[in-house]
Amino acid sequence: MNLPKELRYSDEHEWVKEEGDNKVRIGITDFAQDELGDIVFVELPEEGDELEVDSPFGSVESVKTVSELYAPVSGKVVEVNEDLEDSPENVNEAPYDSGWMIVVEMSQPSDLEKLMDADKYQAMVSED
């Protein structure tokens, strides 16, 4: 399982990468995409939408199931990965690269402190 050390992780299996200027890039973890199987559709919010931490912001549909996406931070969506509309398989192929989902300008930067580092996330998914 690929878990980049520089990222933060939520217990709902989202990753968060700090981009500077109070912005973070968000996607789902390698573990999550592997559990879901082949992803066929991704529903994401619109630019300008406000997110609240732990609230649903979209969904991922795989051949097996539909899974909600939960905001790991609060803030405003400033960018959406439009490529996932035509290429949802990017989430399976490169969850930390072309499979990213949204960029959020955080309203509460302290939300990051509540997220796990790679070691804690690894320990959590190893228990499942």
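Which residue of strand 8 does Glu50 stand opposite? Select both to find out: Glu50 faces Lys76 in strand 8. Strands here are DSSP runs of E with at least two residues, helices are runs of H or I with at least four residues, and both are numbered from the N terminus.

Before going on, note that this is a predicted model, in which local features need pLDDT of at least 70 and side-chain atom pairs count only at pLDDT 80 or more, while totals for chains, interfaces and linings use all residues. Residues are numbered from 1 along each chain as its sequence is written, and side-chain values use heavy atoms, with hydrogens and water left out.

**Stop 1**

Show strand 5 (residues 50-51) with strand 8; the two run antiparallel and are joined by two bridges. Two strands count as paired if DSSP finds at least two bridges between them.

**Stop 2**

Four bridges link strand 4 and strand 6; Ile39 has Ser62 in strand 6 as its bridge partner. On the pairing with strand 7, strand 6 has five bridges, and Ser59 stands opposite Glu68 in strand 7. Strand 6 is largely enclosed by the rest of the structure, because five of its seven residues are buried. Buried means under 20% relative accessible area, exposed over 50%, and partly exposed in between (1.4 Å probe, protein chains only).

**Stop 2: Lys64**

A hairpin of three residues joins strand 6 to strand 7. Select Lys64, in the loop between strand 6 (56-62) and strand 7 (66-70). Is Lys64 buried or exposed? With a relative accessible area of 59%, Lys64 is exposed. Leaving aside neighbours within four places in sequence, Lys64 is in contact (heavy atoms within 4.5 Å) with Glu35, Leu36 and Gly37. A polar atom of the Lys64 side chain lies 3.0 Å from the backbone oxygen of Glu35. The UniProt record, an unreviewed entry, places "modified residue: N6-lipoyllysine" at Lys64; such annotations may be inferred rather than shown by experiment.

**Stop 3: the nonpolar cores**

Now select Leu44, Met101 and Ile102, which have the most contacts inside the largest nonpolar core, a group of 25 residues. A nonpolar core is a set of buried Ala, Val, Leu, Ile, Met, Phe, Trp, Tyr and Cys residues joined through side-chain atoms within 4.5 Å. Among the elements giving two or more residues to this core are helix 1 (30-36), strand 3 (23-28) and strand 8 (75-80). Not counting residues up to four places away in sequence, Leu44 touches several residues, including Phe57, Leu69 and Val80. Another core, of 13 residues, lies apart from the largest one, and Leu7, Tyr9, Trp100 and Tyr121 are among its members.

**Stop 4: Asp111**

Finish at Asp111, in the loop between strand 9 (102-106) and helix 4 (118-127). Asp111 counts as buried because its relative accessibility is 5%. Its side chain reaches the backbone nitrogen of Ser74 at 2.8 Å. Beyond residues up to four places away in sequence, Asp111 touches Val53, Pro72, Val73 and Ser74.

Terms used. Polar contact = N/O pair within 3.5 Å; in protein donor to acceptor, adjacent residues only side chain to side chain.
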